[in-house]
Amino acid sequence: MNKTEKGALFQDNQFQFEAFNGLTLEQFITCEAKDATNIILVYIKVEKNDWHQYFLDSGYGFWQNYEDIDPTIAENRDEEYAYIDKGQELGLIGKKIKQIQCEPEQNNCRITIEFEHQKIILKAINPANFDSDSELIIQ
């Protein structure tokens, strides 16, 4: 495992996370509300690194690295939410990350993970509302 920083790495409406640039995606799991389309958290596993999680809240993007956040372990999951392995479904596994960035969008922001020919964007459903639910968009 790489010895990257632990804890809350970013909490802002604009940042670039460069530690994963050029690395291969191994797993991509969303934590979603069972009764809505809201994406609560996204878990990402990249070669030679711990699990990271990212999300939007109150107009900010958050990027975190905690050693104990492995969403594949049942006891780490909250039963109120659905954990969905989107990596295979979206054809992301094995792709190299070009860049990861968070940028403002109206009263909210969006976090984009860019691959060679694809982007995965976590954004507010209603960017004008700083506390909007989130959705995942594939471009």
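From the N terminus on, the chain's elements follow the order β-β-β-β-β-β-β-α-β-β-β-β, giving one helix and eleven strands. Helices (H or I, at least four residues) and strands (E, at least two) are DSSP runs, numbered from the N terminus. This is a predicted model, in which local features need pLDDT of at least 70 and side-chain atom pairs count only at pLDDT 80 or more, while totals for chains, interfaces and linings use all residues. Residues are numbered from 1 along each chain as its sequence is written, and side-chain values use heavy atoms, leaving out hydrogens and water.

Here are some overall values for the chain.

| Property | Value |
|---|---|
| Box filled by C-alpha atoms, along the principal axes | roughly 40 × 30 × 30 Å |
| Buried residues (under 20% relative accessible area, 1.4 Å probe, protein chains only) | 48% of the 139 residues |

Now to the inside. The largest nonpolar core has 25 residues, of which Phe20, Phe28, Ile44, Tyr54, Trp63 and Ile113 touch the most other members. Such a core is a set of buried Ala, Val, Leu, Ile, Met, Phe, Trp, Tyr and Cys residues joined through side-chain atoms within 4.5 Å. Strands that each supply at least two residues of this core include strand 3 (25–33), strand 4 (39–46) and strand 9 (108–115). Apart from this core lies another, of nine residues, among them Leu41, Tyr43, Phe55 and Phe62.

Leaving aside residues up to four places away in sequence, Phe20 touches Ile44, Val46, Asn49, His52, Trp63, Ile97 and Ile100, where contact means heavy atoms within 4.5 Å. Among contacts between residues at least 6 apart in sequence, 51% join residues at least 24 apart.

Notes
Buried < 20%, exposed > 50% of the residue type's maximum accessible area, 1.4 Å probe, protein only.
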